[in-house]
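Colleague: Could you take a close look at one part of this model for me? I would like to hear about one residue and its surroundings, and then how the two chains meet.

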There are 2 protein chains.
Amino acid sequence: MDIVIIGSGNVASVLGRKFSAAGHKIVQVISRNAAAATELAYEWDTESSNYFSVINKNADVYIIAVSDNALKEIVHDLKLPGKVVAHTAGSVSKEVLRKVSDHYGVFYPLQSIRKDIKRLPDVPIFFEGNDDITNSALKKLAQSISVKQPVFAGSEDRMKLHIAAVIVGNFTNHLYSLAEQYCKKEGIDFHRLLPLIEETIERLKTNSPSDTLTGPAVRNDQQTIQNHLDLLKDHPHLQKVYQLLTESIQQTK
Amino acid sequence: MDIVIIGSGNVASVLGRKFSAAGHKIVQVISRNAAAATELAYEWDTESSNYFSVINKNADVYIIAVSDNALKEIVHDLKLPGKVVAHTAGSVSKEVLRKVSDHYGVFYPLQSIRKDIKRLPDVPIFFEGNDDITNSALKKLAQSISVKQPVFAGSEDRMKLHIAAVIVGNFTNHLYSLAEQYCKKEGIDFHRLLPLIEETIERLKTNSPSDTLTGPAVRNDQQTIQNHLDLLKDHPHLQKVYQLLTESIQQTK
């Protein structure tokens with residue numbers, strides 16, 4: 001397909017790379033950040049602009065990957081009659097695009113995406129179109145960039161997916177970050193923990209995490225918990241997080 | 001090496017399997033749980049007993065993998081003069097074995113270990129012996145079962161490693177468990193989140209987790225945070241955890 005990418009941030013960059021890698025042609029990059037747009041256009045051997053007025057009207061699909069606030073501003077003046085237009089914002093309704101085209105929808109990538117990491121992860125897509133033409137185009141595009149089958153998901157499901165993603169992505173990464181800072185202060189090599197982290201993930205593929213809980217909290221090993229809290233006295237923030245999550249495990253086990 | 005395994009729980013089972021796979025000979029399994037000991041002995045084509053009085057005195061190394069409390073009881077009557085004896089309890093001093101042998105120490109596996117999962121993960125070992133003979137034997141044994149170089153670690157370092165392991169292993173697994181329960185109740189397939197989880201881990205190998213935080217908390221996107229908290233009103237426990245970890249991210253970013 002011929003695709004116009006609107007936006008030049010993390011999602012625009014990584015989706016554009018996935019589209020390119022899948023053999024699609026990015027015919028234009030439009031972004032208010034001219035420098036970032038130029039850089040992406042160079043990467044994909046295409047043209048760029050920071051003026052929406054010069055938008056290429058001959059593409060098959062238009063992907064708008066900008067912040068929620070920018071999205072609301074952009075759609076005011078954007079008219080792409082007859083074209084398939086989708087935004088990538090998980091928590092914004094597809095209806096924000098109602099006046100842009102007759103074929104509009106959402107193309108939501110459920111992945112932690114950063115353009116500075118060149119390795120391309122698999123990006124499962126949840127899509128929602130206002131009609132068959134849009135659904136068919138977005139589904140086909142999604143299938144071309146992910147090994148996972150794309151799934152139709154309305155606003156409410158996307159919000160729930162986002163909540164789950166925050167828990168298993170952002171929150172766990174925060175715990176890794178706290179542990180790394182602790183290790184650094186205590187002179188321990190954080191990378192020694194990688195096999196344990198990998199094993200925890202590996203099990204998710206075959207076992208329910210509820211069935212594989214281990215450690216002092218689920219064993220109710222008060223002596224070890226107290227020893228750990230004592231040892232964390234110079235790390236008050238981590239000590240508090242340790243206590244709260246230990247209580248959470250004990251309340252839900 | 002010829003090895004006697006004392007214990008028949010998760011650590012005894014998985015270390016025994018790793019020793020077997022590395023070409024060592026398990027010459028005996030001793031455990032108060034006769035049924036579990038018999039099962040392991042059958043698996044390793046060796047003998048078992050629930051009487052410590054019949055312990056084989058001709059092995060090279062004795063690995064005591066029992067609970068902290070059982071360890072304190074067992075060592076009273078155990079005499080293995082001249083033999084290398086080590087326990088696997090991260091939070092117990094090696095000195096608990098002082099009267100068992102002249103060559104004693106700790107062989108601490110930093111891994112989440114469950115015998116019901118047959119796949120054998122890599123098990124990085126932290127060891128500590130009271131003399132060169134013990135250190136050399138434990139180090140050699142550790143090298144034979146892990147691709148990671150074994151590291152010498154005294155009591156205090158082991159305790160710190162355990163704290164870090166609880167954070168990156170038990171606590172993250174708890175979050176996966178909470179997310180899975182949420183998905184189940186909301187009719188979402190938890191496995192859809194696996195690519196995101198895998199990407200979060202993949203980055204740890206090359207980037208500091210502090211540098212790759214994403215999501216509404218670190219962006220201080222109050223609107224999304226409030227939407228999520230509202231949507232979690234029927235999940236009060238998860239709502240509380242969401243709020244606490246969001247605050248934790250904002251306090252430490």
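Modeller: Happy to! Leaving aside residues up to four places away in sequence, T134(A) touches V84(A), H103(A), Y104(A), G105(A) and G129(A). Please keep in mind that this is a predicted model. T134(A) sits in helix α4 of chain A, which covers residues 132-145. Its relative accessibility is 0%, and because buried means under 20%, T134(A) counts as buried.

Now to the two chains. Two copies of a chain are related by a rotation about an axis and a shift along it. Here, a rotation of 180 degrees with 0.0 Å of shift along its axis superposes chain A on chain B, with an RMSD of 0.0 Å. The two copies are therefore related as by a two-fold rotation axis. Both copies use the same surface, as 99% of the contact residues of chain A recur in chain B. Within chain A, the residue that comes closest to the rotation axis is T172(A), with its C-alpha at 2.7 Å.

One helix pair between the chains is worth a look too. The axes of α5(A), residues 155-186, and α9(B), residues 236-252, come within 11 Å and cross at roughly 45 degrees. These helices are therefore oblique to each other, and α5(A) passes α9(B) in a left-handed crossing. From α5(A), the contact residues are V166(A), I167(A), N170(A), F171(A), H174(A) and L178(A). Those from α9(B) include L238(B), V241(B), Y242(B), L245(B) and I249(B). By class, this contact has 9 nonpolar and 5 polar residues, with no charged ones.

Key:
Residues are numbered from 1 along each chain as its sequence is written. Chains are lettered from A and ligands numbered from 1 in the order in which they are written. This is a predicted model: local features need pLDDT of at least 70, side-chain atom pairs count only at pLDDT 80 or more; totals for chains, interfaces and linings use all residues. Side-chain values use heavy atoms; hydrogens and water are left out. Axes are lines fitted to C-alpha atoms, for helices over the stretch in contact, and angles run from 0 to 180 degrees between N-to-C directions. Helices (H or I, at least four residues) and strands (E, at least two) are DSSP runs, numbered from the N terminus. Angles under 35 degrees count as roughly parallel, over 145 as roughly antiparallel, 65 to 115 as roughly perpendicular and the rest as oblique. A crossing is left-handed if the near helix is turned anticlockwise from the far one by less than a right angle, and right-handed if clockwise. Contact means heavy atoms within 4.5 Å. Ala, Val, Leu, Ile, Met, Phe, Trp, Tyr, Cys and Pro count as nonpolar, Asp, Glu, Lys and Arg as charged, and the others, Gly among them, as polar. Buried means under 20% relative accessible area, exposed over 50%, partly exposed in between (1.4 Å probe, protein chains only). Copies are superposed by least squares on the C-alpha atoms of residues with pLDDT of at least 70 in both.
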